Number of protein chains: 2
Amino acid sequence: MTTLYEHGTLAALMAGNLAGTLSLKELLTHGSTGLGTFDGVDGEVVILDGEVYQADATGRVNHVTDPNVMLPFASVHFPGNDQQAVTVTATSKAALQTALTTKYQLANVFAYVRVSGEFDHVKVRIAPKQTQPYPSLLEVAKHQPVFEQTHVSGTLLGYYAPDIFGTVTAAGWHLHFISDDRQFAGHVLEFTGGELTGELEIFDSLEQHLPIHDQAFRQGKVDLDSLKAGIYAAEG
Amino acid sequence: MTTLYEHGTLAALMAGNLAGTLSLKELLTHGSTGLGTFDGVDGEVVILDGEVYQADATGRVNHVTDPNVMLPFASVHFPGNDQQAVTVTATSKAALQTALTTKYQLANVFAYVRVSGEFDHVKVRIAPKQTQPYPSLLEVAKHQPVFEQTHVSGTLLGYYAPDIFGTVTAAGWHLHFISDDRQFAGHVLEFTGGELTGELEIFDSLEQHLPIHDQAFRQGKVDLDSLKAGIYAAEG
């Protein structure tokens with residue numbers, strides 16, 4: 001059995017529930033690799049082999065060791081024995097995504113990919129920390145700093161989720177990047193690159209954890225139609 | 001931590017993937033209580049304290065002990081320490097559902113209820129076993145036998161799922177019934193009853209298991225718009 005653990009939902013973020021609801025300490029008991037964001041959608045988090053990095057809205061990358069930092073949303077797993085070696089010669093984000101989804105027949109399953117190599121160009125965005133009263137994630141998405149680097153070696157990692165889970169989490173691929181020197185990271189908007197190698201893993205289970213003791217979450221109202229329009233605008 | 005385990009998805013059933021993809025033996029390692037259906041949507045399954053009952057399309061209730069029977073869809077859990085005692089004096093399915101959802105603030109969480117007592121009237125439907133090539137669950141829903149009983153003592157049990165999971169599983173309440181004499185059971189369409197007592201439990205996690213080794217599942221095409229229209233027609 002291979003399990004992807006996820007805390008929080010995209011719907012809750014879209015509803016403006018941006019406060020952290022799970023500690024990093026607790027999160028790391030469910031996985032050593034993954035991605036997420038901190039309290040108030042403070043930046044883009046990359047977790048690699050148990051080490052936690054946060055790209056903040058200034059573009060700086062922080063190595064995070066405080067176990068008490070809180071997260072409203074994160075996806076993690078423990079890399080298992082079911083990993084398949086992948087080599088991709090994709091030249092863009094769209095090409096990589098299509099190649100993996102098609103070759104490994106991912107449409108209806110959850111999957112993970114991690115590939116490393118030399119990138120000609122990487123463009124990322126980084127969510128800036130919000131304060132209460134929190135806006136919707138849709139509002140946040142309109143004002144996000146973008147950073148670019150050329151000729152950077154690093155790692156791209158993230159998850160694939162089926163369309164039917166598109167209100168629970170980001171449908172399709174959700175990829176973060178971190179450079180080998182740990183100085184550049186973020187949510188990947190675009191990249192061009194040469195040969196990338198790494199691993200892909202298909203999960204048979206999603207463990208979806210909800211912040212059931214959080215009153216903002218419990219009382220949140222979800223309108224599915226406006227939620228979908230918002231997700232398309234924020235994540236599309 | 002309290003976990004609801006679910007195998008299969010409503011989307012896959014709607015796409016006509018009705019073949020069993022998990023054995024009863026495996027299912028029971030994830031819970032002792034719950035509901036589901038057998039290979040080919042053969043009937044309505046009730047699992048109570050580890051005992052498995054199937055109402056088939058003739059209206060007969062079978063006590064199932066074969067661990068190798070397969071299920072395309074099921075939801076189970078192990079009742080835990082977080083159960084709350086509930087007493088409902090609801091007189092109908094709609095009243096019960098609204099009362100529980102409101103009182104326990106269930107809108108955004110997964111929950112379980114099990115209540116027993118004397119029912120004035122219970123109306124159930126039972127899915128008839130399909131053969132390959134399988135139709136969509138929507139087609140199956142158009143031709144389902146309905147059974148009724150009056151003055152019957154029994155147990156109503158099932159799960160609540162948030163709207164945003166409405167393509168993964170049945171959103172709102174999904175309730176099955178079984179009589180105390182184990183002679184009458186099915187998917188609850190309507191009931192009227194007096195005072196019912198039992199337990200309610202709120203889960204903090206959904207463990208969603210997918211049949212990743214099933215080719216029909218992997219190759220299935222999901223069109224979200226028609227899926228939603230179909231779910232509304234089949235389950236609404």
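In this predicted model, His209(A) stands opposite Ser205(B), a residue of strand 14 of chain B. The two facing residues belong to a pairing between chains: strand 14 (residues 205–209) of chain A and strand 14 of chain B run in the antiparallel sense and are joined over five bridges. The points below set this pairing within the interface, then turn to symmetry and to salt bridges.

**Extent of the interface**

- On the side of chain B, 32 residues are in contact with 32 residues of chain A.
- The size of an interface is often expressed as the accessible area lost when the parts come together.
- Between them, chain B and chain A bury about 2,900 Å², and 57% of this area lies on carbon and sulfur atoms.
- Three residues, Asn108(B), Ile164(B) and Arg218(B), supply 25% of the area that chain B buries against chain A, which is more than any other three residues supply.

**Contacts across the interface**

- The rule finds 16 residue pairs in polar contact across the interface of chain B and chain A, both residues of each pair being at pLDDT 80 or more.

**Elements and residue classes on the side of chain B**

- Four elements of chain B each supply at least two residues of the side that touches chain A: strand 13 (185–203), strand 14 (205–209), helix 5 (215–219) and helix 6 (224–235).
- Strand 14 of chain B gives the most to this side, with five residues.
- By class, the side of chain B that touches chain A consists of 17 nonpolar, 10 polar and five charged residues.

**Symmetry of the two chains**

- Two copies of a chain are related by a rotation about an axis and a shift along that axis.
- Here, a rotation of 180° with 0.0 Å of shift along its axis superposes chain B on chain A, with an RMSD of 0.0 Å.
- This is therefore the relation of a two-fold axis.
- Among the residues of chain B, Glu207(B) comes closest to the rotation axis, its C-alpha atom being at 2.2 Å.
- The same surface serves both copies, since 100% of the contact residues of chain B recur in chain A.

**Salt bridges in the structure**

- Over all chains, the structure holds 10 salt bridges.
- One of them joins Arg114(A) and Asp49(A), whose closest N and O atoms are 3.2 Å apart.
- This pair links distant parts of the chain, 65 residues apart: Arg114(A) lies in strand 10 (residues 110–125) of chain A, whereas Asp49(A) lies in the loop between strand 4 (42–48) and strand 5 (51–55) of chain A.

Conventions
Residues numbered from 1 in each chain as written. Chains lettered and ligands numbered in written order. Predicted model: local features only at pLDDT ≥ 70, side-chain atom pairs only at ≥ 80, totals over all residues. Heavy atoms only, no water. Contact = heavy atoms within 4.5 Å. Buried area = accessible area lost by both parts, 1.4 Å probe. Polar contact = N/O pair within 3.5 Å; in protein donor to acceptor, adjacent residues only side chain to side chain. Nonpolar A, V, L, I, M, F, W, Y, C, P; charged D, E, K, R; others polar. Pairing = 2+ DSSP bridges. Least-squares fit on C-alpha atoms with pLDDT ≥ 70 in both. Salt bridge = Lys/Arg side-chain N within 4 Å of Asp/Glu carboxyl O.
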